[in-house]
Structures are given as C-alpha cells and as structure tokens.
Amino acid sequence: IVTISDGHGGSFAKLFLMLRSHFATVFLSSLFSFFAVFGIVGVLILFVPKRLFASVSLCVRILLVVALLTEFFANLLLQLFSGHLSGGSNYAHLLPSFWFLGIYETLAHLGQTGMQALAQRALLATAVAVCISTGAYALCYRQRFLRLAESLDVIGGAQHSRRLHAPEWLLRWFFPSRFERACASFIASAQLRSERHLMFVGGYLGIGLVLTAQTVSDSFNRHSTSTLPNSELLSIPLMIAFFIATGLRFAFDMPATLNANWIFRALIENPTPNPRRPVRTIMLLSVLSWQITVLLPLTWLQWGWHVAVLHTLAVAVLSATLVEALLARFHKIPFTCTSRPDIRMLLMRILSAVLAVMILVPILATVEQNMLLKPLRFVYGVILLTGVWYWIMRYRRDAMPVDQCLTFEDVAPPQFELLKLV
C-alpha cells in the first residue's frame, strides 16, 4: 500500500518521504526473500544426505511456491486463522508481509499502533536470514567443495538408485501394445525426472490447493442440518480432478530439455500409432485412483452408500469427460515436440483454466446436489453428457487428415497461405 498524501494536502517533501519508505520496504523485503530461500537451501545441503538432497530440495521449493501462491492469491492463512481461532487479527502479524508493512508505516510516519514492533521484527528476520545464509554456505564450502577433488575418483563407481517396477501383467492390462507401454514408461520417466516439469506441475497444483482449501473453509463455516453434503463439499473432488488433469495436459505440451525426438521418428512404424490411448490411461489413473480408494470410502462413512456411489460415479464420469475433451485433438507423444510453447499463451491458458474451475465447478456441484435430492434427475445428466461425448467424437472425426497424424512439431499456422496455382 503506497500513499503520497495524508488527506491534508500533499507536498514534494511528503512525496519524497513516501517514495523513500516504499523503496526501503521493497529493498529489505527482497533482501529477506533472497537470503531466506538461499539459507533454506544451504541448511538442506548441510544436513540432508547427498543421495536425498535433490528430491528433498525439489519438495521444499514446491512447498515454497505453494506457500507463496497461498498468500498471494487467497491470503488463505489469515482466513483460516481468523475463521477458526480466537483473536484472528493477531495471527496476521505472523506473516512476513505484515512485518515489512510495519517498516513502511514507520518510515512514513503514519502513526499506526504496533507497527514499530513489526518493523523491528522485519529487521531482525532479515539479519537472521543473512547470517544463516552466509554461515550455511561458508560451512558448505568447507564440507563439500573442498572435498570435491577427493570425491572425483568414486564418481565413476556410483551406483544408480533402485527403481520401482510395476508388474508386467499389470502393465499389459493397462497398456496392451508395446508402443503404449513404451510411451507410458517414457511419460512417467520424463515427468518424474525433469525438475522443470515437476516445478510447473507442483506450482499449478498449488493454485488448486489454494482454491480447494478455500472451498473447504467455506463448507465448514456453513452449518447445515441436511442429510446430504452441501455444494462446497461436492465441488472439492471436482476441483482436485480438474487441476490434476489440466496440469498434466499443460505439462505434456512442454518439451523435454534434450531435443531427441528423432529416435521416436526413426522407431515408429507406419501406420503411426495413436499416442492418445496411453496418455488417456495415465490421466484417468491419476484422477480415478483416488476417487475410488479415498472419495468413495469417505463419502460412504459420512453419508451412506447410496450417496457415496452416486457422488463417486458423477465425479468419475465428469473427470473422464474432461480428460476426453482435453485430448480431443492430441496427436503427439508428450514432451517430444521441439518448439516451446509461448509463455504468454501458456499463462493465458492457465488463467483461463483457473477462471473456468471457479465458474463451472460450483455450477456442476449445485446441479449434482439437486440431483442427489431426487436421484431420477441423474437421467437428465446422462442425456446431457451423452450429447457432450457425441460432440467430442464428432469434433475429433471432423479434424483434417494432417491433424490426425502423429506430430513432432508444434508449428503455428502461417498468417498467409500461398495458392500455388503454378
């Protein structure tokens, strides 16, 4: 919050005071953020074993992204505390953003009570972050980098970590052909080994976590005597399934680091197989597995088997419809397209997905709640979903022949098309 007037007329002196306060606040908060993150990484280097450092560091960074998104998009921590704990306004002072707001108001002489204490807390936190970061990396230099030359001799004899392999009969059941099994193995390996893809999926799911937790908070605040779950509770599994499916779909469009799709072009025989089947299976397993093993038992225990079966079937069918719509014209092996997607276009797609889930999911949850009151109304839902599936199949069937072939290049259509009359 930046102000240049106190309501009694502004002046250049006051303007300069506000600009100075704003610059000092932004500089110190940036300094705190920088050294806090590097301090966390330095502490992890000191205490986490080498074989676990990559995995633990990635998980910590994803958690940091989720925490920042939680505070930025919904201010979730403050809402949860103020909604369920007494004296909720005091818990806002636990957030670092409020500490540096104290620096701004103290330097600007706004006279807010308690802001000097928050400013002192911000300065102390910044000093602690700087000391921890420099101290941790000084110790890391003695512990790791000075011994690097001594460890070069044993690098060649390092053993690979053990991998978990699924049973062969299970792979044949989900992925019947050899191409499908190879494609599924490549997708799993590329997604789990690529730090960039894991960070993207983790950050995108962090947005889903924010919205889902906000919905859970709203559902708990509503006191209902009905024997059926309210619309907020019904929308939670839909939101989770939506973000998992769209997150994977967005990640599949991001190429891997190494441009090695030539090997797929050389090995794939004609006619080219359809990669949509293994991708569809992976996406369905990602959403249907927890719906059957977690959602169904929890709903059964809370509202009985009748509501549990209907609710789980509704969520599963809607999830399968979403997956089918996302793969309507998907004709490529994930992570193998050489051209990178435009960042602005990717951000617009993510923003559109978030807006879609905020609009469509509450509507679907309200419709499902009305159907649970009279289960015969599910017949209308079946008719509507049948029409949606027919439209998806027709949309896929009407695609141009070039769009139905396996592609390795995401090339934008030309702005001018030559007629080639001669």
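What share of the contacts in the chain with a separation of 6 or more comes from residues 24 or more positions apart? The answer is 79%, where a contact means heavy atoms within 4.5 Å. The structure is a predicted model, in which local features need pLDDT of at least 70 and side-chain atom pairs count only at pLDDT 80 or more, while totals for chains, interfaces and linings use all residues. Residues are numbered from 1 along each chain as its sequence is written, and side-chain values use heavy atoms, with hydrogens and water left out.

As for confidence, the chain has a mean pLDDT of 76, and 72% of its residues reach 70 or more; pLDDT is the predictor's confidence in each residue, from 0 to 100. Residues 1-9 stay under 50, and the model gives them twelve contacts beyond four places in sequence. The pLDDT is also below 50 over residues 80-89, a stretch with twelve contacts in the model beyond near neighbours in sequence.

On to the overall make-up. The chain has 15 helices and zero strands, taken as DSSP runs numbered from the N terminus (helices are H or I, at least four residues; strands are E, at least two). Of its 422 residues, 36% count as buried. Buried here means under 20% relative accessible area, exposed means over 50%, and partly exposed is in between (1.4 Å probe, protein chains only). The chain exposes about 26900 Å², with carbon and sulfur atoms supplying 69% of that area. Accessible areas come from the Shrake-Rupley method with a 1.4 Å probe, and for residues only the protein chains shown count as cover.

Inside, the largest nonpolar core holds 22 residues, and the ones with the most contacts within it are Ile 187, Phe 252, Val 279, Met 283, Leu 327 and Phe 335. A nonpolar core is a set of buried Ala, Val, Leu, Ile, Met, Phe, Trp, Tyr and Cys residues joined through side-chain atoms within 4.5 Å. H8, helix H10 (231-252) and H12 are the elements that each give two or more residues to this core. Leaving aside neighbours within four places in sequence, Ile 187 is in contact with Phe 252 and Val 279, and also with Ile 282, Pro 334 and Phe 335. Another core, of 19 residues, lies apart from the largest one; its members include Leu 211, Phe 250, Leu 295 and Val 315.

Phe 250 sits in helix H10 and counts as buried because its relative accessible area is 7%. Its partners beyond four places in sequence are Phe 200, Tyr 204, Arg 349, Ile 350 and Ala 353. The C-alpha atoms of Phe 250 and Val 201 are 8.5 Å apart, although 49 residues separate the two along the chain. Thr 312, found in helix H13, is buried too, with a relative accessible area of 9%. With neighbours within four places in sequence set aside, Thr 312 is in contact with Gln 291, Leu 295 and Leu 296.

Now the charged pairs. The structure holds three salt bridges, each being a side-chain nitrogen of Lys or Arg within 4 Å of a carboxyl oxygen of Asp or Glu. In one, the side chains of Glu 324 and Arg 280 meet at 3.0 Å, N to O. Glu 324 lies in helix H13 (residues 305-326) and Arg 280 in helix H12, so the pair ties together parts that are 44 residues apart in sequence. The C-alpha atoms of Glu 324 and Arg 280 are separated by 7.5 Å. Glu 324 is buried because its relative accessible area is 5%, and, not counting residues up to four places away in sequence, Glu 324 touches Arg 280, Trp 389, Ile 392, Met 393 and Arg 396.

Another salt bridge joins Arg 277 and Glu 180 (3.2 Å, N to O). That pair links distant parts of the chain, 97 residues apart, with Arg 277 in helix H12 (residues 276-303) and Glu 180 in helix H8 (residues 178-193). Arg 277 is partly exposed, at 45% relative accessible area, whereas Glu 180 is buried at 5%. Asp 253 and Arg 249 also meet in a salt bridge (2.8 Å, N to O), and both residues are buried.

Val 367 is found in helix H14 (residues 343-373) and counts as partly exposed at 37% relative accessibility.
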